[in-house]
Amino acid sequence: MGEASTKHVFTVLKAIKKASKDLHTTPISFTNTSQSAIIKSLLELKNEANSILSADPSLLNLSRLLNSLKSLLDKLQSSQGYGVRSFIRRQFTYYEASRVGNAIMDEIKAWIDHESLKNIVKTMEESGDEDEKIEVLKEFQSRISQGFDSDLQDLILRTKIFSLIESILCDSQCSIGIREESAALIVSLVKFNKDVFVGLVLMGPTIRALISISSPRSIQVLTSLIKLIKSPLIDIIESNGEIPKIIGLLSSPELAIQVVAMDCVLEIGYFGRREAIEAMLKEGLVEKLMELQRSENGGENEAETETDLKKGRFSSCVASFAVQMEVGEGLRQREKREFKLEVLKRVGESSVSEAEAATIAAEVLWGSSP
């Protein structure tokens with residue numbers, strides 16, 4: 001089936017799907033012009049679909065369902081009596097038509113999903129158009145964001161979409177835009193079914209790839225995955241020796257990267273176990289956070305616009321991290337107390353004045369919302 005033909009099939013089937021849904025949600029009444037219009041529309045679409053359906057064996061069952069629906073709709077239109085028997089007969093026929101309409105919607109949805117996945121694979125493997133690739137990735141994200149669907153899940157597994165997307169994410173020859181869109185799709189897949197895709201993320205190269213890209217969006221995706229997978233993902237980050245790279249992003253010359261790195265650090269503080277927290281402190285996290293906190297006031301040579309951008313982003317960030325650890329899920333109570341004391345110790349050692357040390361220590365002790 002050619003590309004133009006496929007698009008035409010999509011258009012017709014989506015119209016039939018919408019009309020079937022309208023039929024299901026519209027109450028029976030032959031004085032209802034809306035219902036009459038729906039029935040007329042379905043019958044017209046059935047005639048248009050005949051040649052399309054006969055050309056594709058995978059649409060054979062849909063063709064049978066549409067034939068059944070046509071018979072039921074013809075029956076409805078010819079049933080014009082106003083007696084009790086006629087009314088009951090119309091109700092029963094309409095119920096059957098609605099049931100067949102639901103089956104048609106399911107059949108069309110399954111076909112569209114199947115063709116969409118085929119199109120994704122073909123586009124990602126063969127197309128040289130970056131915009132086209134990004135578009136199909138976004139469309140697929142939109143589809144799976146509608147919620148879990150077991151049939152779609154089976155299609156995803158059979159077509160090995162996750163492996164394809166992950167390989168694109170890890171391919172340094174691909175553009176950053178396509179790699180970032182692939183990363184966003186991985187987050188959507190994890191949301192779609194954690195039971196299946198969490199394990200694939202933890203066992204694969206996704207995390208290393210996200211950190212190696214180190215763009216604002218890739219770190220945002222990493223943070224989203226931490227929120228979804230929690231401590232097990234942070235364990236992988238720590239065991240792979242990636243903590244220093246994340247902490248290093250706080251010193252990036254790009255404000256956008258500093259901001260997303262700060263968000264990531266706070267989530268690690270909330271969900272991270274002892275080893276991850278120790279690794280962050282060893283990399284000078286507290287000292288870097290204090291530098292960021294000072295930078296909000298602006299240095300002598302810092303541009304005014306840069307200072308304005310930083311306002312509020314790193315306010316009380318040392319205390320924010322301490323609060324995340326204290327209220328978080330990754331540490332035992334004893335460990336929380338130990339790390340809080342360690343943070344206070346490092347604040348005292350790194351402060352440029354007694355006033356700064358006292359201010360930050362008070363924020364850590366009394367708490368500050370992250």
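**Charged pairs between helices**

Mentor: Happy to! At 15% relative accessibility, Glu356 counts as buried. Keep in mind that this is a predicted model. The partner of Glu356 is Arg294, and the two form a salt bridge whose closest N and O atoms are 2.6 Å apart. This pair links distant parts of the chain, since Glu356 belongs to helix 20 (residues 354-366) and Arg294 to helix 16 (residues 285-295), 62 residues apart. Arg294 has a relative accessibility of 27%, so Arg294 counts as partly exposed. The cut-off behind these words is 20%: a residue under that relative accessible area is called buried.

Now let us turn to another arginine. Arg274 meets Glu278 in a salt bridge, at 3.0 Å from N to O. Both residues lie in helix 15 (residues 274-282), four residues apart, which is about one turn of the helix. Arg274 is partly exposed, with a relative accessible area of 24%, and Glu278 is partly exposed too, at 36%.

Arg274 also forms a salt bridge with Glu338, where the closest N and O atoms are 3.0 Å apart. Here the pair links distant parts of the chain: Arg274 is in helix 15 and Glu338 in helix 19, 64 residues apart. Glu338 is partly exposed, with a relative accessible area of 32%.

These contacts belong to a wider set. Arg274, Glu278, Arg332, Arg334, Glu335 and Glu338 are linked in a network of salt bridges. The structure as a whole holds 18 salt bridges. As a general point, side chains of opposite charge can pair when their charged atoms come close.

While you have helix 19 on screen, find Lys340 as well. Lys340 lies in this helix, which spans residues 333-350. With a relative accessible area of 17%, Lys340 is buried. Leaving aside neighbours within four places in sequence, Lys340 is in contact with Glu326, Val364 and Leu365.

For contrast, have a look at the nonpolar side chains. The largest nonpolar core has 83 residues, and Ile156, Leu222, Leu225 and Phe321 touch the most other members. Helix 14 (residues 255-271) gives the largest share of this core, with eleven residues. Apart from this core lies another, of 20 residues, including Leu59, Leu73, Leu76 and Trp111.

Note on methods. Residues are numbered from 1 along each chain as its sequence is written. This is a predicted model: local features need pLDDT of at least 70, side-chain atom pairs count only at pLDDT 80 or more; totals for chains, interfaces and linings use all residues. Side-chain values use heavy atoms; hydrogens and water are left out. A nonpolar core is a set of buried Ala, Val, Leu, Ile, Met, Phe, Trp, Tyr and Cys residues joined through side-chain atoms within 4.5 Å. Buried means under 20% relative accessible area, exposed over 50%, partly exposed in between (1.4 Å probe, protein chains only). Helices (H or I, at least four residues) and strands (E, at least two) are DSSP runs, numbered from the N terminus. Contact means heavy atoms within 4.5 Å. A salt bridge is a side-chain nitrogen of Lys or Arg within 4 Å of a carboxyl oxygen of Asp or Glu.
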